[in-house]
Amino acid sequence: MMRILLAALLLLAAVCRVQAQDTPMQAVLQDNADLMVKSSRQTIGPVIDAVVASGLPQVQDVLQAWQAKEMWQRKADGLFFHGEKLDAKTYRLTDFDSGLPVGEFAKGDLRQLKPNSGVRALIGVALVKFQLSDPDPTKRRDALVSLERDPNGAALEALRASIAGETDPALLARKQRLERLLTMGYDTDPAARIAAMEEMAGDTGLDVRATLNPILQARLQVFDGEIPEAMNVLSRLEPGSDTLPVTVAYDLLVEQSKAPALISHDDMRNILAENIDGGRVGGIPVAKLDTDPARRQAFATLVEQGLTEAATTEDEIESYLSDYIFAEVYAEPSRAVTDAAAMALESISTRVGIGQAVDLTLDALSLASIYFLAAIGLAITFGVMRVINMAHGEFIMMGAYTGYVVQQWVPNHTASIIVAIPLAFTVTFAAGVAMERLVIRWLYNRPLESLLATFGISIALQQLAKNIFGTQARPLTAPSWLDGAWVLNDVVAISYIRIAIFVLALFFLGVFLFIMRRTRLGLETRAVTQNPGMAASMGINPGRVNMLTFGLGSGIAGVAGVAIGLFAKVTSELGSDYIVQSFMTVVVGGVGNIWGALAGATMIGFMQKGIEWFNPSNTLAAQTFMIVFIIIFIQFRPRGIVALRGRAAGD
Amino acid sequence: MQRSFITRNPSVLIFLALLALFTLGVTVLSEAFGIGLISTSYVKVLGKTLCLALVAVAMDLVWGYCGILSLGHFAFFGLGGYMIGMWLMYERTRDIVVGALAEAPIPPTEQEIVDGIGTQIFGVVGSNEFPLIWSFADSLTLQLALVVVVPGTLALIFGWLAFRSRVNDVYLSILTQAMTLALALYLFQNDSGLRGNNGLSGLQNLPGVEQPQSHVSMWFLWASALALGLGYLLSAWIVAGKFGSVIRGIRDNEARVRFLGYSVETYKLTVFTLTACIAGIAGALYYPQAGIINPAEVAPITSIYLAAWVAIGGRGRLYGAVLGAVFVSLVSSWFTGGKAPDIPLGIYTVQWVDWWLVLLGLSFVAVTLFAPKGLGGLVDLWVERRSPNRHGADLGPDLGSLREKEASQ
């Protein structure tokens, strides 16, 4: 019986060998059958190499099937096939070499190859080469994306090999860039890495920085004696300096068992408390242990008596630290590589700095245009008519709420904004005219009292808004084409809403200039501003002009409200958030002049962003410092940046 | 013949008498020392109102008499509160920490106590160390001195900067508003060292005092009444003399006073700084009664309210400021406290909690338009002191000396 079986096996082996002539892949697999079935990360390397080294066209199919756990072994003869599930119990097997189906088999006759994740990762590395040169561009892109996301040095050769045959120009560019990045990070030849770094220096992409930064990772290490020559040392640190506080250095010693643990204040107290003996600790009465020297003395006595273990006190730290040398050491052994990486990063950071400056400038411009929009109405009412309108902020709020109400009726966001802007202008224009007629006109020449009266109107309007719309924030949604941002590169980006506000601010600057310089109303306004008595003698009705001017200023505030509401939540306090800044814009810029308001808004916007840049986490501090700066600025130019002179100044 | 200060200003005596009478009345009606008709919480409201009256007197001095519409005097008020609040909070937390550590087997060291206080106070802002500005928090004397010194110094620096560059009128108002906004924004930061948004709390508990709140609140009422009386007397004395004439002159025509040889800036600076100190004292008495102070207290709006009280009471007369502050804050607490009856209008019911601010705002407008003299004008009717008939609208204390035509030129 035994003999027959042996004979059968021999025969089978002979058949196999015969087949090996036309099934080369199967032969390679059979040679490594044991290792493949019991695969592990440590042992599988040679197998994969063998499969790839065969250089057969089937290699990719085999590796893919293997990685996807679709490779099955026929129990009867130990051959490997690509298995395809037909139903729960049946699988159709396909031969790797011929690509032809071999037949359908019951699951019981087959054994599935189940490579673990480590093995699959290794197969994946081998596969990259094929995927990167795959005829299908989508597959090439997928492979590229996964490699970009998770770069590794093993794929470098495959990537280089695939570049020559790349036909898609977009993919080619990405491949070349990735090749440079991988060369920087993983090439075995330091010269090649340095060359790649020099080439990529000045590239502001996040990926370049992400590749360079790990190379410059340095770890704090302790040395008993001098630092070995072979070490690539970033810097030697002295304990107690800013970069290496004493506690950090000592903790490192403790961690490496080079020094006993430091006893903390609390621990010492607890140990003392545990050793209270008849109202005394180490011979010192408990009541006297309310100073540190007394506690240390008691602790020392306890140590002498052997009641507790000796521990380092803060005085002894110094002597421990002086025995060792502390240094930050690069993980990367080559000095030339780290130097080149540091240089490349430095040149990149210069570029990034420039980019950030541009970004900051754009931010500042958009903030300036918001302030300008908010202040342009004030520049008219306060600047031209010398009336402090404390309710100006509430006109902004009214405009924003108008936008909100319009959106309740017009669901299309684009249409609703187009409707809301003129409607907000109309509503606030009417409110402004009503206020001028009812209140302001009795208070010309009494600016302080007009301030109080308009403040009264301001709190009344604010409370009214609260009563109508509630205290919670209402959304004013921007049209979808204003979503997103205009991205120049990884550093510079600006959202479309801010661009729109900038354009709106420019538009209203134009409108204001047109009205003031080219229309009858503008002429009359300028006349009334300069000399109301004379203007009245010339047939101008000052009351009517004041009314219209005030209405115009209020109307623009309403439009500003719609714009501000697009990026800020609409609440009844929306206006009061901007009112002080608006006043300062006008005062800093210079009263009675639209260019002044523009200069003031620009200065405040740039200054606020500039201060925020120094301390980005703290916008409150930025505003505080900005106001202090403005108070000091007023010292030097009490009449603002653009001060009117001569007759136009009025007084 | 030189008449005495009191005979020239009978209103001072009347005011002090009324204040004494009020204090006596509250004491008799209080829970602690009398028949208990006024609850402790209402005693606190009255005590706080007296403090507001004191800061209104300061505001009247600087605005009604000197013509500087400061929209930042509540910054000084708040700073005074913060200064006393630091001591109250420190000492009270110290009591708690010492009590907690007394349980431990080993007596605490000084440093442990201080660390414990630091953790207790600054835990909410994620810190446990005392910032530099708390250096004197353990000394009542020094903190009391700071109540005057800190607002005074701020006012001195700010005023010196503003007045020497001749920032006037509405510009000055906006600048003072910017100052209080800057202070509020600064205090809102967690690392300002004054607990940011949380502010200082638990100030109603006097450290080392066993008596119940009913007693403590009465002490503060007396202290507030005393401070108001002294502050009123000081202000009345200042405005009655030559100094008062000069600052009224500055209000009415600054240029003319300057040409007469007076150092206008020095006068303004003196008044500004002095009133800041008075405001600081008022704040130091107010916040222990309120129990909590946070940066919202120095937001610009509070200072505008202060100006509105003085306007409603009648600026340019000290009792007017007191009248305005007391009237508006008491009426305000009556309306917002939900005690005012709702007005049903058929389809809509006017609830005063919601509508009180609308009414208040409109009454500001009404007062500035129709009654520039404010509530103080009613006193004129009472004593039948008639203004000279200047044939036109009444323009209030500053422009009131002019004819309407003159004023509007």
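Predicted model: local features only at pLDDT ≥ 70, side-chain atom pairs only at ≥ 80, totals over all residues.
The table sets out a few values for each chain.

| Chain | Secondary structure | Mean pLDDT | Residues scoring at least 70 |
|---|---|---|---|
| Chain A | 26 helices, twelve strands | 81 | 94% |
| Chain B | 17 helices, four strands | 86 | 93% |

**Overall form**

If you turn the model around, chain A comes across as spread out. Its radius of gyration is 39 Å, well over the 26 Å that the globule rule gives for 651 residues, so chain A is more spread out than a compact globule. Along its principal axes, the C-alpha trace of chain A spans about 135 × 90 × 50 Å.

Chain B is another story. For its 409 residues a compact globule would have a radius of gyration near 22 Å, and the 23 Å of chain B agrees with that. Its C-alpha atoms fill a box of roughly 85 × 55 × 55 Å, again taken along the principal axes.

In chain A, the pLDDT is below 50 over residues 14–18, a stretch with one contact in the model beyond near neighbours in sequence. The pLDDT is also below 50 over residues 646–651 of chain A, and here the model has five contacts beyond near neighbours in sequence.

Among the elements of chain B, helix α17 (residues 404–407) has the lowest mean pLDDT, at 55. Helix α11 (residues 264–290) of chain B has the highest, at 94.

**How the chains meet**

**A sheet in chain A**

Now for some local detail. Chain A holds an open sheet of five strands, with antiparallel pairing and the order β4-β3-β2-β1-β5. Its edge strands, β4 (101–106) and β5 (110–112) of chain A, each pair on one side only. From one strand to the next, the twist averages 40°.

Within chain A, strands β1 (residues 71–74) and β2 (residues 80–85) pair in the antiparallel sense over three bridges. To find your place in this pair, look for A:Met71, which stands opposite A:His82 in β2 of chain A.

**Two crossing helices in chain A**

Further along chain A, helix α24 (residues 574–589) packs against helix α25 (residues 594–614) at an angle of about 115°, with their axes 7 Å apart. The crossing of α24 and α25 of chain A is right-handed. Helix α24 of chain A makes the contact through A:Gln581, A:Met584, A:Thr585, A:Val586, A:Val588 and A:Gly589. Residues from α25 of chain A include A:Gly596, A:Ala597, A:Leu598, A:Gly600 and A:Ile604. By class, this contact of α24 with α25 in chain A has nine nonpolar, five polar and no charged residues.

Methods:
Residues numbered from 1 in each chain as written. Chains lettered and ligands numbered in written order. Pairing = 2+ DSSP bridges. Axes fitted to C-alpha atoms, helices over the stretch in contact; angles between N-to-C directions. Left-handed = near helix turned anticlockwise from the far one by under 90°. Contact = placed C-beta atoms within 7 Å. Nonpolar A, V, L, I, M, F, W, Y, C, P; charged D, E, K, R; others polar. pLDDT = per-residue confidence, 0-100. Rg over C-alpha atoms; globule rule 2.2 N^0.38 Å.
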